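Subject: Structure handover

Hello,

Here is the structure for you to look through. My notes follow below it.

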Amino acid sequence: MKTKRNLIVKILAASAFICEICAATQNFSAAKETARSLKEEEILILKSDLAAAKKQGGALQELNLEERELAKNALKLPFEIYELRLSEDQNTLFGLGDDKGGIVLIDVTEPRSLRLAGIFSFPQHELDPAYIDIAQSKDGKSLFVADPNFGIYKLDLSDRRDIKISARLEARFVNKIELSSDGCTLFAKDFFSTLTAYDVKDDKFTQLAYFIAPSKADKREYDYACAPHRLSEIKELGDLKLLSENELLLASWVGFYVLDISDMARYRANAAQNSNILKQVRYIAHPHLEIDKMTLSKDGKQVFSSNWNEFGLYDLGENNTVQSSTYYSGAHLNNFKVIEDLNLAYLGKKISERGEFPSVDLIDFSNKLDPTPIKRYLFPQSLKGVSVESRGKYLFFSYFTKNGSFISGLDRASLSSAEKSARSAQIQNEILTEKSPEEKGAIWELPYSKNGFRTVDNIIKSPQGYLLLASADDEYQVSLVALNEQGAELWRKKLNMVSAANMPVAAMDSYALLDNQILDAKTKKIIYEFPIKFKEVASFGDKFAAIDENDDLCFYEREKLLWKKKLNIAKSKRPFDGTMTKIAKISESEILLIIEKDGFLKFNAKGEELWHKSVNFARTKDGGASDELVIDQKAYLLKAKDGSIFLLAKFGANIAKFDALGNEIWRKQICGRDRGVCDLSDTLNATYKLANYKDGLLLIGANDASEDQTIFLELDLDGNILSENKAKLQDFWLKSAVSTDDGGVLIGGDAHKDDTVIIKIRSILPLDQQKIKNLNR
C-alpha cells in the first residue's frame, strides 16, 4: 500500500512538473507573440514618421513636450533615473538610478496608466555614486545588479512590493553584467576589462572562469581608484553581450573579443581550481574603442553602441576586422534604443553646456555615411537629461525637474498637439536656404558667437565663397559652414566628426572632400567614403589631387581614381609623424609637390612627371631654430600672383622664394628677436600663416606665450616689409588664413576661453591704418 502511495505521489509530482513546463512554454509563446505584435505596431508608426519626413524634404520635426502634457501619465520617483530598460516580456519597465538611489519597477502592461510595481534602494553607498547595470532572469523572478562600489546583488522579484537581496558578491569595480541563455551563468566585466564567469544556479556566486583583456587603466589608476571617493574618475569603457548560446562578445579599449562559453559544465567541474580561463575564439582589433553601451543586430554581425558623445555602428568583419560604418555625434548621450528593421534609433540626450534643452532624437541611419535626425522631442522642463524606451505605440521618458524625478508614458498619437511646424532645415544636416547678404544682414559682420562655435579650425576657398570647419562649443562635433564672398552664411551642416585638426579638406565644383568622405554640394549629404585616408589634397575644378596614407600621388574625379603614382619617399626614422609632404595647385593642369629631404616634384594632370628639383628640406635634431627650411605639419606651399612659389617653413617664419622651375631665389627669417626683422619672439608656441595679399603677401604671426601679441606683416614679393599692424588676442591659436577675391585675407582660429576668432584684413585700406578686430565680438 505504501509503495502504491509513493508511486501516486511521484506520478502527481511528474504531472505537476509537466504542467509547469507547459505553462512556462505557453507563457513564453504568449510573451513572444505580445512582443511581435508590439513591434509591428511600433514599426507602423515609425514608417509614418519616415513618410512624413520624406514628404517634407527630410526636414526635422520638433515636438516640445511641456510638463502638463507629460503629467497626464507620469509617476514621481524618490530618486533620479539615468536609464530605462524594458523587460523581455515587455511588461516591466526598469528605471535605473545610481547606487545612491536604486531601481524602480514600473508595470507597463497597461501603458496608458503607469503603475509603480516595486522599488529597490541600495543598502549602502559611497559619497561618490556609481552607475549600475542589470541582468534579468528569463522567468522574471530574479534580477542581478552590478554596483561598482560594492559588488553584485541578486534580487528576489517574486514579491515586487518587498524586493529582497537573495545573494551578494563583494566584487568592487564590476560595471557590466550579462546572463547566459540558460540563466545559470553570470558574466561580469570590471572597469579594467577583466571578465569573470560565475555559477548562479543557487543563491550564491561561484567563480568558474575568467578572461583578461588589455585595459586603458593601468595599475597606478587602479590603486588610485581604490582610495575613497575616486571611483568616478576611472574612464575605462566597455560592455559585453551574448552573441549566441555558445559565444560572448566583450568590447574593451583595444577591440572586440569573441569568447567560447559553450562548455561551462567543464568549468563547473573544475571550479575549485580557480584557474579556468575562457577560450578566445576571435580578436577583432580596434584601437581606442570607446563603447559605454552596446546592443547587437539579430545576426550578431553588427554592434550598435554609444558613449557619452556619439552613437555608432560597427560591422564585425569575417577576417578579424571591424569597420565603423555609422557615426552620429549626438553629444551628451544618456541611452539609445535601436529599431533595426527600419534603420532607426532613439537617442536620449542630456542638457548641453550651452543650456540647450535635453531631448530625445529619432535618427535615420539608413545612409550609414550620413545619419540624420527626423524627429526631436524637446524637454524644456528637464534640468539634466532624458532617457527613452519604447513599447508599441508608447514612448517612455525619464527626466528630472525642479519638482523631482519622473517617468512618463505617452501615446505617440497624442503628441501631435505639441508638434511645432517643421523647420526648413535638419539640425544634424542644418542646411539653410540661400539668402542675399541684405536679407541676412551680414557682410563680414556675421554674429558668429550666436552660432555657438568654439573654434574655427580651417577656412578654404570654394566656388561660392568659403567653407569653414568650425567646432561647436557644447559638443565634440564639427560643423561645415558655407559663406558667400561677402560673408553671409549660406548653409550649415553638422558633421559626424569630433575633430577637424589637420583634416584634409578641399572644395570642388560639385562636391567637397572632408577627410576621406565626399559631400555632395547639391544635397549636402555624405555620399561616399574612400577606403583609404589622405594626407594632403588640392582641388582642380571637379577633380582633386591627393597624397594618400601610402604616399601615393592620386588624381580623382569624385570617387573615380583616374591615376596613381608611387612617390619615392624616404621614410622618416620617426614613425609617429612620418615623412612630410605638401601639395599645391600651380595651374588647372599642374600639380606641385614638396617632399622632405627630397625637393620639388611637378606633374601634369595626366600624371606625367614634368621635372624634379632636389632641395634639402631638413629638420633640426634638437627642435631649435635653424637656417634650414624645416618642414613640418604647419609648413605651407603658396603660389604667388607672379607665378613664383613661396614656402613658409618652421622656426622664425623662414620664407623661401622659388621660380617656376624650383630654383631658389632667396630665403629669409622674418620673425624672432634674435635674427628676425620683426619683434615677435619665436618659440615652439609661435604659429605663422602666409597668404596672397594685394600684389604681395601677408604674413600673420601669433604666439600665445608673447604677451598676447599677434602681428600682421605686408611683404612684397622680395620679402621686404611694406607695412605692419598688431593686435592683442589673448591665447590666440592661429588656425588658417585664406586670400579673398578682393585681395584681402580671411583669418580664423580661437582664443582665450574658447572664443572663436574671425578676422578680415581688407585690401582697400593700408594695413597699418586698419583697426583689426575679431568679427566674433
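A salt bridge is a side-chain nitrogen of Lys or Arg within 4 Å of a carboxyl oxygen of Asp or Glu. A search of the whole structure finds 39 of them. Before the details, two points on the source. This is a predicted model, in which local features need pLDDT of at least 70 and side-chain atom pairs count only at pLDDT 80 or more, while totals for chains, interfaces and linings use all residues. Residues are numbered from 1 along each chain as its sequence is written, and side-chain values use heavy atoms, with hydrogens and water left out.

**Salt bridges**

Start with glutamate 389 and lysine 337. Their closest N and O atoms are 3.0 Å apart. Glutamate 389 lies in strand 27 and lysine 337 in strand 23 (residues 333-339), so this pair ties together parts that are 52 residues apart in sequence. Strands (E, at least two residues) and helices (H or I, at least four) are DSSP runs, numbered from the N terminus. Glutamate 389 is buried, at 9% relative accessibility. Buried means under 20% relative accessible area, exposed over 50%, and partly exposed in between (1.4 Å probe, protein chains only).

Next, lysine 735 forms a salt bridge with aspartate 457, again with a closest N and O distance of 3.0 Å. Lysine 735 sits in strand 54 and aspartate 457 in strand 30 (residues 453-462), 278 residues apart. Lysine 735 is partly exposed at 26%. Aspartate 457 is buried at 13%.

There is also a network of salt bridges, which links Lys39, Lys298 and Asp341.

**The core and a sheet**

The largest nonpolar core has 22 residues. Such a core is a set of buried Ala, Val, Leu, Ile, Met, Phe, Trp, Tyr and Cys residues joined through side-chain atoms within 4.5 Å. Tyr346, Val360, Tyr377, Phe379 and Phe397 touch the most other members. Among the elements that give two or more residues to this core are helix 1 (2-55), strand 24 (344-349) and strand 28 (394-401).

Two strands pair if DSSP finds at least two bridges between them. Strands 28 and 29 are joined by eight bridges.

**A buried aspartate**

Look at aspartate 361 in strand 25. Is aspartate 361 buried or exposed? It is buried, at 0% relative accessibility. Its side chain makes a polar contact of 2.7 Å with that of arginine 376. A polar contact is a pair of N or O atoms within 3.5 Å; within protein, one must be able to donate a hydrogen and the other to accept it, and residues adjacent in sequence count only if both atoms are side-chain atoms.

**Positive phi**

Most residues other than glycine have a negative phi. Serine 193 has a positive phi of about 60°. Serine 193 is in the loop between strand 12 (185-190) and strand 13 (194-199), and is buried at 1%. Lysine 694 also has a positive phi, of about 55°. Lysine 694 is in the loop between strand 50 (686-693) and strand 51 (696-703), and is partly exposed at 22%.

Best wishes
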